[in-house]
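Please keep the sequence and the structure in view while reading.

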Amino acid sequence: MKKIVLTGGKFNRIHPGHVWLLKKAKKLGYLVVVLAHDAHNRRPYAVPAVKRKNIVEALKIADKVVVGDSKKFSKVLIKFHPDVIVLGYDQRFPDNESRLLAKTMKIKVLRFRKHKNYSTKRIA
């Protein structure tokens, strides 16, 4: 059975760094992309979750694209029970509870380096 690989983010403005991360994560197994719930995506240029989901699905990289829980990231971990979590160079767990749960569940956490000089902050 393929490993379940989980990665996520806001994905308000897709850039080549996002695509690179998703493709690299996909090589590790069945890729589940978790988009930040609208409650956690409050930037001035925030894109609604439904639209972000459609955009990420249109890339045809992920096996599954879901919107995260509005309150607890740990619910996503319990639901999908990933073997691997891929974090981008600037990402961290949203809360200590999720970080500890991942450790308890023995989920391997990988942090990918920055791809070239791509950053959402540079295009915002």
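What kind of unit do S2, H2 and S3 make? S2, H2 and S3 form a right-handed β-α-β unit; a crossover counts as right-handed if, with the strands pointing away from the viewer, the path from the first strand over the helix to the second runs clockwise. The model is predicted, with local features needing pLDDT of at least 70 and side-chain atom pairs counting only at pLDDT 80 or more, while totals for chains, interfaces and linings use all residues. Residues are numbered from 1 along each chain as its sequence is written, and side-chain values use heavy atoms, with hydrogens and water left out. Helices (H or I, at least four residues) and strands (E, at least two) are DSSP runs, numbered from the N terminus.

**The sheet**

Five strands form an open sheet in the order S3-S2-S1-S4-S5, with parallel pairing; two strands pair if DSSP finds at least two bridges between them. S3 and strand S5 (108-111) stand at the edges with a single partner strand each, so one side of each has no neighbour in the sheet. From one strand to the next, the twist averages 25 degrees.

S2 and S3 are joined in the parallel sense over four bridges. Leu-35 has Val-67 in S3 as its bridge partner, and Val-32 stands opposite Lys-64 in S3.

**The helices on the sheet**

Axes are lines fitted to C-alpha atoms, for helices over the stretch in contact, and angles run from 0 to 180 degrees between N-to-C directions.

In H2 (residues 49-58), Ala-49, Arg-52 and Val-56 are buried, where buried means under 20% relative accessible area, exposed over 50%, and partly exposed in between (1.4 Å probe, protein chains only). Seen down the axis of H2, the buried residues fall within an arc of 60 degrees, so they line one face of the helix; the arc is that of the directions from the helix axis to the C-beta atoms. These buried residues pack against S1 (4-9), S2 (30-35) and S3 (64-67), contact meaning heavy atoms within 4.5 Å. The face turned away from the buried side carries the exposed residues Val-50, Lys-51 and Ala-58.
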